[in-house]
Amino acid sequence: MTGREGVDGLGDVAQPGAGEFTATVIVDAPADRVFAALTDWERQSDWIPFTTVRVVEGDGGEGTLVEAVTALGPVALRDEMRVVRVDAPYEVGVVHCGKLLRGPGVLRCTPITGDRTQVVWHEWFHLPGGAAGRLAWPLLWPGSKASLTLALKRFARLVEQGRLP
């Protein structure tokens with residue numbers, strides 16, 4: 001990312017925002033299998049609670065546009081993300097480019113001993129709502145991190161059981 005043009009013309013949204021969180025999990029499976037499961041975008045619906053994920057355009061690789069809709073009753077949050085970098089089986093970079101959720105994210109798979117893989121999911125969101133958003137972030141951050149950590153634990157179980165990818 002260089003200057004204001006950002007990644008693939010995404011501009012400032014490709015730059016890290018003030019809202020940041022990271023979740024990690026160790027998966028008892030080799031990195032190539034874990035990476036394949038992580039980047040099977042539509043199967044993320046199987047392990048991210050209340051969320052339906054679909055590929056809007058592309059083949060899942062660089063340039064793909066993915067939409068994730070998380071719904072709790074009548075309330076729904078739509079997250080659009082563009083896949084901007086794929087370094088299989090180690091890393092995939094995305095830029096959240098929707099109306100509310102904006103900013104870069106990265107999913108990393110690091111091989112460790114015994115055919116195990118550490119997964120790190122890191123996001124840097126631009127906080128909506130100006131000063132109010134910055135004030136609310138410390139209240140929202142723990143829930144965001146906890147829910148992402150639980151999702152990754154579910155992901156690990158599904159991979160280890162052979163149900164993903």
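## Reading a predicted fold, feature by feature

Modeller: Let's start with Phe50, which counts as exposed because its relative accessibility is 57%, and exposed here means over 50%. One thing to keep in mind throughout: this is a predicted model.

Biologist: Okay, and where does Phe50 lie?

Modeller: Phe50 lies in the loop that runs between α1 (31-38) and β2 (51-57). Its backbone is worth a look too: phi of Phe50 is near 60°, a positive value in a residue other than glycine.

Biologist: Let me step back. How many helices and strands are there in the protein?

Modeller: You'll find two helices and seven strands. Walk along the sequence and the pattern reads β-α-β-β-β-β-β-β-α.

Biologist: And what share of the 165 residues do buried residues make up?

Modeller: Buried residues account for 41% of the 165. For a clear case, go to Gly19: its relative accessibility is 0%, so Gly19 counts as buried, the cut-off being under 20%. Gly19 is placed in strand β1 (residues 19-27).

Biologist: How far apart are Gly19 and His126, in sequence and in space?

Modeller: Along the sequence, 107 residues separate Gly19 and His126, yet C-alpha to C-alpha they are 6.1 Å apart in space.

Biologist: Now a helix. Which residues in α1 are buried?

Modeller: In α1, look for Ala31, Val34, Phe35, Ala37 and Leu38, which are buried. Seen down the axis of α1, those buried residues fall within an arc of 160°, so they line one face of the helix.

Biologist: Next up, charges. What's the general idea behind a pair?

Modeller: Side chains of opposite charge can pair when their charged atoms come close. In this model, a search of the whole structure turns up eight salt bridges.

Biologist: Start me off with Arg116: which side chain does Arg116 meet in a salt bridge?

Modeller: The partner is Asp28, at 3.0 Å from N to O. This pair links distant parts of the chain, as Arg116 is in strand β7 and Asp28 in the loop between β1 and α1, 88 residues apart. Arg116 has a relative accessible area of 33%, so it is partly exposed. Asp28 is partly exposed as well, at 46%.

Biologist: What about Asp46: which side chain meets it in a salt bridge?

Modeller: That would be Arg43, at 2.4 Å, N to O. Asp46 is partly exposed with a relative accessible area of 32%, and Arg43 is partly exposed with 27%.

Biologist: And with which residue does Arg78 form a salt bridge?

Modeller: With Glu67, where the closest N and O atoms are 2.4 Å apart. Again the pair links distant parts of the chain: Arg78 sits in strand β4 and Glu67 in strand β3 (residues 65-72), 11 residues apart.

Biologist: Is Glu67 buried or exposed?

Modeller: Glu67 is buried, since its relative accessible area is 8%. Arg78, on the other hand, is partly exposed at 44%. Then follow the shared partners: salt bridges join Arg54, Glu67, Arg78 and Glu80 into one network.

Biologist: Last topic, peptide bonds. Is the bond from Ala88 to Pro89 cis or trans?

Modeller: The bond is cis, and the angle to read is omega, which is near 0° there. Pro89 is placed in the loop between β4 (75-87) and β5 (91-97).

Biologist: And what is omega for the peptide bond from Leu164 to Pro165?

Modeller: Near -10°, and this bond is cis. To find Pro165, look in the segment after α2.

Terms used:
Residues numbered from 1 in each chain as written. Predicted model: local features only at pLDDT ≥ 70, side-chain atom pairs only at ≥ 80, totals over all residues. Heavy atoms only, no water. Helix = DSSP H or I, 4+ residues; strand = E, 2+ residues; numbered from the N terminus. Buried < 20%, exposed > 50% of the residue type's maximum accessible area, 1.4 Å probe, protein only. Arc of directions from axis to C-beta. Salt bridge = Lys/Arg side-chain N within 4 Å of Asp/Glu carboxyl O.
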